[in-house]
Amino acid sequence: MNYPVRCTQCISLLKNIKKYAHNRVYSIDKDLYIEVETTEEHNLIMQLNKHQEASLKIFINLNEL
C-alpha cells in the first residue's frame, strides 16, 4: 500500500536517498507529496519535513538580523 506524505520542505533531501529517487512525487496547491510504502517511512518523513520547516524559519530570522 502507498502512503502519500507531505515533503515540501525536504524533497531535495529525500531525492538524495537512493530508495526515494524514483518514488512518485506530485503537488497539490503549493505542497509536494511523495508516496512511500510503510507507515514508518510516512511518520519519519513527516518529522523531517516539520524540522526542515522550522530550520528554514530560523534561517530566515537570522538572515533578517
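Is D31 buried, partly exposed or exposed? D31 is partly exposed, with a relative accessible area of 25%. Here, buried means under 20% relative accessible area, exposed means over 50%, and partly exposed lies in between (1.4 Å probe, protein chains only).

## Before we start

This is a predicted model, where local features need pLDDT of at least 70 and side-chain atom pairs count only at pLDDT 80 or more, while totals for chains, interfaces and linings use all residues. Residues are numbered from 1 along each chain as its sequence is written, and side-chain values use heavy atoms, with hydrogens and water left out.

## The overall picture

Let's begin with the whole protein. Its secondary structure comes to two helices and three strands, and along the sequence they follow the pattern β-α-β-β-α. Helices (H or I, at least four residues) and strands (E, at least two) are DSSP runs, numbered from the N terminus. The C-alpha atoms fill a box of roughly 45 × 25 × 20 Å, taken along the principal axes.

Of the 65 residues, 23% count as buried. The protein exposes about 5,100 Å², and carbon and sulfur atoms supply 55% of that area. Accessible areas come from the Shrake-Rupley method with a 1.4 Å probe; for residues, only the protein chains shown count as cover. A contact means heavy atoms within 4.5 Å. Among contacts between residues at least 6 apart in sequence, 62% join residues at least 24 apart.

## The sheet and its hairpin

Now look at the strands. The three strands form an open sheet in the order β1-β3-β2, with antiparallel pairing. β1 (3-6) and β2 (25-28) stand at the edges, each with a single partner strand, so one side of each is left without a neighbour in the sheet. Neighbouring strands are turned by 35° against each other on average, direction ignored. Axes are lines fitted to C-alpha atoms, for helices over the stretch in contact, and angles run from 0 to 180 degrees between N-to-C directions.

Two strands pair if DSSP finds at least two bridges between them. Four bridges join β2 to β3 (residues 31-36), and these two strands run antiparallel. In β3, Y33 is the bridge partner of Y26, and D31 is the bridge partner of I28. β2 and β3 form a hairpin with two residues between them, and D29 in the turn has a positive phi of about 55°.

## Salt bridges across the chain

Side chains of opposite charge can pair when their charged atoms come close. A salt bridge is counted where a side-chain nitrogen of Lys or Arg lies within 4 Å of a carboxyl oxygen of Asp or Glu. How many salt bridges does the structure hold? The structure holds five.

One of them brings us back to D31, whose side chain meets that of R6 (3.3 Å, N to O). This pair links distant parts of the chain, with R6 in strand β1 and D31 in strand β3, 25 residues apart. R6 is partly exposed, with a relative accessible area of 30%. Another salt bridge joins the side chains of E41 and K19 (2.9 Å, N to O). E41 lies in helix α2 and K19 in the loop between α1 (11-15) and β2, so the pair ties together parts that are 22 residues apart in sequence. E41 is buried at 8% relative accessible area, whereas K19 counts as exposed at 53%. The side chains of E35 and R24 also meet in a salt bridge (2.8 Å, N to O). E35 lies in strand β3 and R24 in the loop between α1 and β2, so this pair ties together parts that are 11 residues apart in sequence. Finally, salt bridges that share partners join R6, D31, E53 and K57 into one network.

## A buried leucine and a surface patch

L14 sits in helix α1 and counts as buried, at 2% relative accessibility. Leaving aside its neighbours within four places in sequence, L14 is in contact with C7, Y20, I34, I45 and L48.

L56 gives another view of a leucine. L56 lies in helix α2 (residues 39-64) and is partly exposed, with a relative accessible area of 39%. Together with F59 and I60, L56 forms a nonpolar patch on the surface, with about 280 Å² of accessible area in all. Patches are made of residues with over 30% relative accessible area and no salt bridge: like charges are joined within 9 Å, and nonpolar side chains (Val, Leu, Ile, Met, Phe, Trp, Tyr) within 5 Å.
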